[in-house]
Structure formats: C-alpha cells, structure tokens
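User: I would like a close look at one part of this model, namely the salt bridges and the elements they connect. Please set the overall fold out before that.

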Amino acid sequence: MSGVFAAPSRWMDEETILFDESIARFFAEAATPQRMEAWRQAGIVERAAWNEAAEAGLLGVSVSPDYGGAGGDFRHEAVIMRRLGLIGAEGWAIPLHNAICAAYIEKYGTEAQKQRWLPLIVSGERITAVAMTEPGAGSDLRAIRTTARREGDHYVLQGQKTFITNGQLAELIIVVAKTDPEAGGKGISLLLVDTTEAPGFSRGRNLDKIGVEMGDTSELFFDNVRVPVENLLGGEEGQGLYQLMKELPKERLIIAIECLAIMEAALDHTIAYVQERRAFGQRLLDFQNTQFVLAECKTEATIARTFVDDCIVRFGEGALDAATASMAKYWVSEQAQKIVDACLQLFGGYGYMTEYPIAQMYKDVRVKRIYGGANEIMKVLIARTLEQ
C-alpha cells in the first residue's frame, strides 16, 4: 500500500495482496518513466508492452480457464487498475481489454464466440476496443447512425465512430450498430469485427488529446464492411442496448477506481514533495496552510476509498445498482480533479512543469468527468431514484 493508505482495502485477501505485489513488480520493469514518456510522445503504447503483459498473465486475468484465462475475478482487475493509476499509465487500456471487452464476450457471447475469441484476447493476439461513440452521438446511444444490414450470411456495416480507445491498435472491435433502424433502442446490436479480415474498415487519425497521451484514441470508419452473421454477439439481434446497459455500472465503477488511484498517487507525490521542499527556512509541510490542504485532501480521498471499496464488494456480490455506480463515477471523478488541483498548487511553479508527475495527473484526470457517461448524465440517472 502507499503512504496515504497504509492498510489494504477490505476487499483484498492474502491472495489478492500477493497478486498486487506481483503486479507492482511487473509495472516497475515494464512501464518505467522513460518508457512511458516514449509512449506519450508516440501517442500509443507499443505492441511489445501488450505482449509482455500477456506473457505475465495480465491479459484476460478474470477470463475462465476454460478459455485460457487465469480465472480471477473483478478484484484482480481492480488491482491492475489501481497499479496503472499509481504509476501514471492512464493510457494503457488493459482495463478496457480485460474487464469490459473480454467480459462482454464471456458474459453474452455464444459458446463458439467464446471459444474463438477469448483465447486470442488472453494471449494478446487480439487487442480489443468498443466502438460506441459517434460524431453525433455520445451519451445518447439511441442516436447512433451506424447500421448493420443483413445480407445472407453477413451483415453489411456502414458508419463512423470516434473517440475510440485502443482505436489504432485494436484488431477485435465490438461495434454498436442498428440492425433494425426502425426499432429504436430495441434495434441495436453488438457486432464483433475482426479488423484483420474486414475490407472496407479503416482507421482515422490518432486523435490529439490534452491528456492521457499514451492512449491511442481514434476515429474508425466502416464502409460496407461485411461481418459474418456468427459475429453477432450472443447470436440474437436487438440485444445490444440491454447488453450495454447491464455492463455500464461496472464501467462506471472502473472509472471511480481509476480516479481513486490518481488521488492516491497525487497525495503520495505531494506529501513527499512538501517534506523536502523548503521556503522561508522551513519545510512546506510545516506551514499550517499545507497541513490543512493535505488534511482535507486525505480526508476526501479516504471517504472516496471507503465508497469505492464498498462498491467493489457490492459488485462482487452482484448487488451494485446503476444509480450507486453513477454516484461513484460522478462524485469520485469530481473529487479526484479537486484533489489533483489542490496538490498541484502546493508544488508552485514546478507543478506546471511536465516533468513533474502531478502535471501529468492534472491533464489525465480531466477526462474522467466526461467519458463513461458525462457527470451531468450521472446526475440525471441518480435523480431518477429520488421518487422511488
């Protein structure tokens, strides 16, 4: 554990603590500061790093051994998320690959789909992505315009997606499309697109972002891409919105976990800095203002940790509801940005310099209030429970 949180979370047992230690060792070797800076400059995590993660058993860690996985659970995924956040590897989208894409296939896929795709996800032979957002449709998935028209034993996929994480690397993309444009939300389906055999598929530019620079985020184009009917996730049309909605609480919990890790890292770096930095003959930590600011931040981070830990326990019990997950995503992301900003202020001018990790956190944390459903949408979802 870090200096801020000296004790393990209550959802961690001896096995997950050992797993956490092994993950920390792996990232210390595979994601050095110099290597991560190279990824940021390139705008992408090199494929070699993904291969190393696969060899270390990090990919598909919660996939069943029946399909080549390690047979872990969401707690193991949470350990990886936290460690990525602590080292500042916000753009290395292992959580998307593992806890979202692989989970969609394992939970909703046909047996043939699981047998075909999950081993490739575990081995790293197929990096994954989910293509939901479009230029004219973000939080409102019913407004998507991408279509999948049935022609014999194929669907013909036509449309455009944007802001797609892993967009440059992914070879297996879960595409949200309308198989019945007249049926509204009931006409949405998920298609598994193998980009290695998809004429008409193309990638746009790697989008230039203000943070999370090491993560490739792209536009994707589907120009009459023929997708085999057996690649319809679950084998039944019109199930896409249901599948998406059932998984959104987990996706929002993932964002909360990532935000908590940023809080933890920000406080660790800042406490170390104010213990060393001196002004007017004393350490910055000796000033009452510094103590009060950090006391507030640590208290807020501890409250966030208690809430997130409870959500992880609930999720493991199958009892995490959508409203609570929305609360976690909304409130923890807001607190994370507030804490990072307060910590950066204590660095003074150095906090504005990119060679200091706090500056990178300041850039990375901002998107947490946007993706996974903007926080304004989270408030709408929470508000719907007020009269129940």
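What radius of gyration does the protein chain have, and what would a compact globule with 388 residues have?

Analyst: The model is predicted. The protein chain has a radius of gyration of 21 Å, and a compact globule with 388 residues would be near 21 Å, so the two agree. The C-alpha trace spans about 80 × 50 × 40 Å along its principal axes. Eleven helices and nine strands make up the secondary structure of the protein chain. Buried residues account for 54% of the 388 residues. Of the contacts between residues at least 6 apart in sequence, 74% join residues at least 24 apart. The accessible surface comes to about 17000 Å², and 52% of that belongs to carbon and sulfur atoms.

Now the salt bridges. The count is 27. One of them joins aspartate 20 and arginine 83, whose closest N and O atoms are 2.8 Å apart. Aspartate 20 belongs to helix H1 (residues 14-30) and arginine 83 to helix H4, so this pair ties together parts that are 63 residues apart in sequence. Both aspartate 20 and arginine 83 are buried.

Another salt bridge runs between lysine 363 and glutamate 213, with 2.7 Å between the closest N and O atoms. Lysine 363 is in helix H10 and glutamate 213 is in the loop between S6 and S7, so the pair ties together parts 150 residues apart in sequence. Lysine 363 is partly exposed because its relative accessible area is 25%, whereas glutamate 213 counts as buried at 17%.

Both ends of this bridge have further structure around them. In H10, Ile358, Ala359, Gln360, Met361, Asp364 and Val365 are buried. The buried residues of H10 pack against helix H2 (33-42), helix H7 (240-276) and H9.

Glutamate 300 counts as buried because its relative accessibility is 16%, while lysine 338, at 45%, counts as partly exposed.

Helix H8 (residues 288-316) also holds alanine 304, which is buried at 0% relative accessibility. Leaving aside neighbours within four places in sequence, alanine 304 is in contact with Leu260, Met263, Trp331 and Val332. Its C-alpha atom is 20 Å from that of glutamate 317, a residue 13 places away along the chain. Salt bridges also link Arg10, Asp310, Arg314 and Asp321 in a network.

Last, the loop between helix H9 (322-346) and helix H10 (357-365) contains tyrosine 350. Tyrosine 350 is partly exposed, with a relative accessible area of 37%. Together with Tyr352 and Met353, Tyr350 makes a nonpolar surface patch of about 350 Å².

Note on methods: Residues are numbered from 1 along each chain as its sequence is written. This is a predicted model: local features need pLDDT of at least 70, side-chain atom pairs count only at pLDDT 80 or more; totals for chains, interfaces and linings use all residues. Side-chain values use heavy atoms; hydrogens and water are left out. Patches are made of residues with over 30% relative accessible area and no salt bridge: like charges are joined within 9 Å, nonpolar side chains (Val, Leu, Ile, Met, Phe, Trp, Tyr) within 5 Å. Accessible areas come from the Shrake-Rupley method with a 1.4 Å probe; for residues, only the protein chains shown count as cover. A salt bridge is a side-chain nitrogen of Lys or Arg within 4 Å of a carboxyl oxygen of Asp or Glu. Helices (H or I, at least four residues) and strands (E, at least two) are DSSP runs, numbered from the N terminus. Buried means under 20% relative accessible area, exposed over 50%, partly exposed in between (1.4 Å probe, protein chains only). The radius of gyration is taken over C-alpha atoms; the globule rule is 2.2 Å times the number of residues to the power 0.38. Contact means heavy atoms within 4.5 Å.
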